[in-house]
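Here's a quick tour for anyone meeting this model for the first time.

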Amino acid sequence: MIRPVNFGFNEQTAGSNAFQNRNADKNGVNEKAQNEFDGMVNILREHGVDVIVVDDTTEPHTPDSIFPNNWVSFHDDGNVFLYPMQAENRRLERREDIINGLEDNFTVKHVIDLSRFEEQNKFLEGTGSMVLDRENKIAYACISPRTDPGVLALFCEHAGYEAVSFDAVDEHDQPIYHTNVLMCIGSGFAVICLDSIPNPHEKILVKELLTSSHKEIIDISFDQMNHFAGNMLEVKNEAGKTLIVMSKSACDCLLEEQKSALKKHGGLIYADISTIETNGGGSARCMMAEVHLPLLI
């Protein structure tokens, strides 16, 4: 997780991210975001989650650095992927020193850099663009200006995943910018806004694949998606307990039967990150770049 130093509304991403609120309160926004970040880290640690916190740097200016899952992903075969980002100021978030620092405790075998596709205006923004079923090696991805089918196919070729792509729109028929706002996949469940997939054949394909992968489908509404109920992440704490991390706004909008369904798969933990959500257009899952690299023996 990256602690921000210059968090704020990013004009370069607002054109394709309808979850950013241009009218959000911008007074003291970085200080508020830092407090929310620290609160979330504390909650995770109180629940036994091992959190690696890296401070952002004052230069270059990276208002979205709090969302590291878009530029990097870490895999259990020792591979690290770097991704092509649409916004020029988000490309500055990629930091070699962070990867080097992980090598003190983890095995990094290969760094596979896909950022060269930025020169062709082709993008794939990490586990924002893709929701990975790591167990079954399936990459779910809604195609958008930030998710190019060709780069997705190349990632899958390198990582040994099957690509499942589809179109997705919000209630205003606008393309959804990242897959991880409409769905989340855990080891035994999938939270998904099925209404966001307008093509009936694609919707059936996604549902059937989730079901055949032994995921309990928890369907959410557009309104719940807009409160980031699709932007969760399943983690394990140091005792091996499964936890499902979300924001307070996501938790508050869930129905009791949805919470009960989720609780069968893990403990629910949440943090109030409303400033980060309204200004940044991302939520709890976006703030965590989970490390699946092998531990050094």
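## Aromatic rings

The structure holds four aromatic pairs (rings of Phe, Tyr and Trp, the latter by its six-membered ring, pair if their centres lie within 6.5 Å; planes under 30 degrees apart count as stacked, over 60 as edge-to-face and the rest as tilted). Take phenylalanine 81 and phenylalanine 155: their ring centres sit 4.8 Å apart with the planes at 65 degrees, so this pair is edge-to-face. Phenylalanine 81 belongs to strand S4 (residues 79-82) and phenylalanine 155 to helix H6 (residues 149-159), so the pair ties together parts 74 residues apart in sequence. Helices (H or I, at least four residues) and strands (E, at least two) are DSSP runs, numbered from the N terminus.

Phenylalanine 155 also pairs with tyrosine 161, this time tilted, at 5.7 Å centre to centre and 45 degrees between the planes. Phe81, Tyr83, Phe155 and Tyr161 make up one aromatic cluster. How buried is tyrosine 161? Its relative accessible area is 8%, so it counts as buried (under 20%; exposed is over 50%, partly exposed in between, with a 1.4 Å probe and protein chains only).

## A three-stranded sheet

Now for an open sheet of three strands, ordered S9-S10-S11 with mixed pairing (two strands pair if DSSP finds at least two bridges between them). S9 (183-185) and S11 (216-219) are at the edges with a single partner strand each, so one side of each has no neighbour in the sheet.

S10 (residues 189-192) pairs with S11 in the parallel sense over four bridges, and isoleucine 192 has aspartate 219 in S11 as its bridge partner.

## About the model

This is a predicted model, where local features need pLDDT of at least 70 and side-chain atom pairs count only at pLDDT 80 or more, while totals for chains, interfaces and linings use all residues. Residues are numbered from 1 along each chain as its sequence is written, and side-chain values use heavy atoms, leaving out hydrogens and water.
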